[in-house]
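Dear colleague,

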Amino acid sequence: MTTTAKVATRIMSGMRPTGRLHIGHYFGALINWLDFQEKYDSYFSIVDWHALTTKYQASREIPDNVREIALDWLAVGIDPERATVYVQSAVPEIAELHLLLSMITPQNWVEREPTLKDMVRMLAADEKEARDRATYGLLGYPVLMSADILAFRGSLVPVGKDQQSHLEFARDVARRFNTIYGVDYFPEPQPKFTATPLLKGVDGQKMGKSYGNDIKLADTEEDTLKKIKQAVTDRTRIARSDPGHTDLCEVPWPMYQIFGKEITARVKEECESAGIGCVDCKARLGGIINEFLGPIRERRQKLAADPDKVRQILEYGNAKARAEAKKTLSEALEIMGMIRWRY
Ligand code: SF4
């Protein structure tokens, strides 16, 4: 057990298990989680029910993806002794709380959610498909997310600027529960804004697991070098002797930024004086990424070879999370005067 002193603040965050994680997940979220687990009472959830909201036709893939994401988390250093690491569906109390919260959530609140409309538009090819995609479960996504946070009475939630509306939703639901039942029970979760570097996929588009343009934590060194080789650079630089423009370099330059000032200063000088060509510059970047990911990949391989250990770690976290969610659910039921029906 850790002896690290933590403040009482509880932070809650989760990821959908839709495939292996990439460096964008690491530098955009997991790097912050490593800090949170030292400072806060941290709850990290693999939100497999959320994956179902859009991937219900591929539900059989979800358990394998849960395992993959758990391997990624543990390999980067998420520590089950410092944080509660669990699988959403292993805590059925979240589903019951979701049901209770759905009863008090006005319909027009879920319908006005901007991210929901974006999701449907992104997933559907036409109007007919959009209607098919917009399931009851997807519509209730923000209520389920509220239950995820409120089940643990989380007071902090890390969010990017584009995810603020979901947190606002959870705050509104918490406030509505407290107002209806005349209590001050659920804390209104506060946003924890974190600096998120914008890493594009090697093709210059948004980095995504399903676009085949990402560098996965679990990729081999060879795959990483091959992918980086394809990265879009400064499109105006035609010949090797042309000076490059780092501000126009679409992929390698932003990636270099995450590895510190010293290397970025060197790249800038070499690029803008035509001291280095893009081929060599990308090869060096690939080497830096491989060096950084080396220990993570080694730990991941060891863990992957020991599935019992991963299962035990998740069972341990599930039990911890379940005990806490059970307590919240029974208190919420008691506040609502529903407890007498539970045996
Ligand atoms: Fe980008 Fe490097 Fe090419 Fe400059 S030399 S444009 S930083 S890849």
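A residue is called buried when its relative accessible area is under 20%, exposed when it is over 50%, and partly exposed in between, with a 1.4 Å probe and protein chains only. Please bear in mind that this is a predicted model, in which local features need pLDDT of at least 70 and side-chain atom pairs count only at pLDDT 80 or more, while totals for chains, interfaces and linings use all residues. Residues are numbered from 1 along each chain as its sequence is written, and side-chain values use heavy atoms, with hydrogens and water left out.

To begin with the charged pairs, the structure holds 22 salt bridges, a salt bridge being a side-chain nitrogen of Lys or Arg within 4 Å of a carboxyl oxygen of Asp or Glu. One of them joins Asp-35 to Lys-39, with the closest N and O atoms 2.9 Å apart. Both residues belong to helix H1 (residues 23-39), where they are four residues apart, about one turn of the helix; helices (H or I, at least four residues) and strands (E, at least two) are DSSP runs, numbered from the N terminus. Asp-35 counts as partly exposed at 33% relative accessibility, and Lys-39 is partly exposed too, with a relative accessible area of 42%.

Another salt bridge brings together the side chains of Arg-300 and Asp-72, at 2.6 Å from N to O. Because Arg-300 lies in helix H14 and Asp-72 in helix H3 (residues 62-76), this pair ties together parts that are 228 residues apart in sequence. Arg-300 is buried at 6% relative accessibility, and Asp-72 is buried at 1%. Lys-227 and Asp-219 also form a salt bridge, their closest N and O atoms being 2.6 Å apart, and both of these residues are buried.

Grid points are joined across faces, edges and corners, and a volume is the space filled by probe spheres set on the points.

The count comes to one cavity of 30 Å³ or more, and the largest cavity holds about 110 Å³ of space. It is lined by 15 residues, of which Thr-233, Cys-249, Cys-271, Cys-278 and Cys-281 are the closest to its centre. Helix H14 provides the largest share of this lining, three residues.

The ligand sits in the largest cavity, in the sense that more than half of its atoms lie within 2 Å of the grid points. Around the ligand are Thr-233, Asp-234, Arg-237, Cys-249, Pro-252, Val-267, Cys-271, Cys-278 and Cys-281, where a residue is near if one of its heavy atoms lies within 4 Å.

The second largest pocket contains about 430 Å³ of space. Its lining has 19 residues, with His-98, Ser-102, Tyr-136, Gly-140 and Val-143 nearest its centre, and helix H4 gives the most to that lining, with five residues.

With best wishes

Terms used:
1 Å grid on protein atoms, 1.4 Å probe; cavity = no way out; pocket = protein on both sides within 12 Å on 5 of 7 lines; lining within 4 Å.
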